Amino acid sequence: MTIYLLGAFLLSLICGLVFTPLILDFCKRKRLYDIPNERKVHKNATPRLGGISFFPSMLTAFFIVLLFTPVVEENTLPVNIWSAIFLLGLLIIYGIGIVDDLVGLKATTKFSIQIATACLLPFAGLYVNNLCGLFGIYEIPYWLGVPLTIFIIVFIDNAINLIDGIDGLATGLSLTALAGFLAYFIYYDVFVYTYTIIIAGMMGALVAFAYFNLFGKAERNTKLFMGDSGSLSLGFTLGFLAVKCAMQNTNIWPYRPEAIIVPITLLFVPTADVVRVTLYRFKHHKPLFDADKNHIHHKLMRTGMNQHQALGIILAMALGYIAINGLLYQVFHATIIVIIDIVLYCIVNMCINRKMKVTE
């Protein structure tokens, strides 16, 4: 399996390195730039269509690798209805992201399309059907699992979209989560090739993008942002993987008591940030869909950090949660772990708030 995953990663990486300069030239000719304003961190007009390379790069690598897998040679294509529905949903989200990057869409319009697209998965039979005792809840009936699944996918999709505020942040958090899902799926060795190849391909596309995003220069036309086409595609992919991981299906793998805590751990930092920002907007009677500068990366920068320092702190937090929860799971139940995670996150934010007051 390793050679196929490495092949998917490298093929997607190469596609990304080839597609991105073409995207940069296109943005320059059409003058498609993300213009700085008081809400944004960057200072120079920067192309915002980097995410356009994600889906084609991943899809190209996916189908090329499938052509050479032993499973295909035995005339059994390892693509089931769930993976087909996922790719269809990803295509819709990817298209909406491109339209938003090019001409702009109302937040409510994007939100409605996200909900409609998220409905595809549970209606195809993929839904969260067991919380493994989290807050005392185990098996979930279909009628309750469907809206819960739709909520989870839309929630994660928006979490990645909203945290995409500084160079490398959405990319780094997504790569961390994708690597976690990849390791988990390989550990159980039940997904044959399909989902692990998808993950490896998406990781390759992200690494290619990260090179231009982190090390490119706007004045030399070598730097770009992923835009909604990228962040929404990543969010939908991670939402799908979270549901796929959480669903108990004994036809594929044994009952896994850790199934619900794995996606929570891998996606805790971006999802917790969305919850905190939403509560802040409710408390201060601010519109839920309006952008602001109250996300964790904005707060860290107000303490005097630059973008790369804030990025390092947040990625360290994400890795820290993975390490801490891995250790806690050996002793505590998932409910206790989630409570500890929330308490730690609150403590970190209080420390950041105190540092902000001292700096200001």
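Let me start with a cluster: ring pairs link Phe 181, Tyr 184, Phe 185, Tyr 187 and Tyr 188. Rings of Phe, Tyr and Trp (its six-membered ring) pair if their centres lie within 6.5 Å; planes under 30 degrees apart count as stacked, over 60 as edge-to-face and the rest as tilted.

Before going on: this is a predicted model, where local features need pLDDT of at least 70, side-chain atom pairs count only at pLDDT 80 or more, and totals for chains, interfaces and linings use all residues. Residues are numbered from 1 along each chain as its sequence is written, and side-chain values use heavy atoms, with hydrogens and water left out.

The whole structure has 16 aromatic pairs. In one of them, the ring centres of Phe 54 and Phe 209 are 5.5 Å apart with the planes at 80°, so this pair is edge-to-face. Phe 54 belongs to helix α2 (residues 54–68) and Phe 209 to helix α9 (residues 194–215), so the pair ties together parts 155 residues apart in sequence. Helices here are DSSP runs (H or I, at least four residues), as are strands (E, at least two), numbered from the N terminus. Both Phe 54 and Phe 209 are buried, meaning under 20% relative accessible area, with exposed over 50% and partly exposed in between (1.4 Å probe, protein chains only).

Phe 181 and Phe 185 make a tilted pair, 6.2 Å centre to centre with 40° between the planes. Both lie in helix α8 (residues 169–188), four residues apart, about one turn of the helix. Phe 181 and Phe 185 are both buried.

Last, strand β3 (residues 130–134): five of its five residues are buried, so the rest of the structure largely encloses it.
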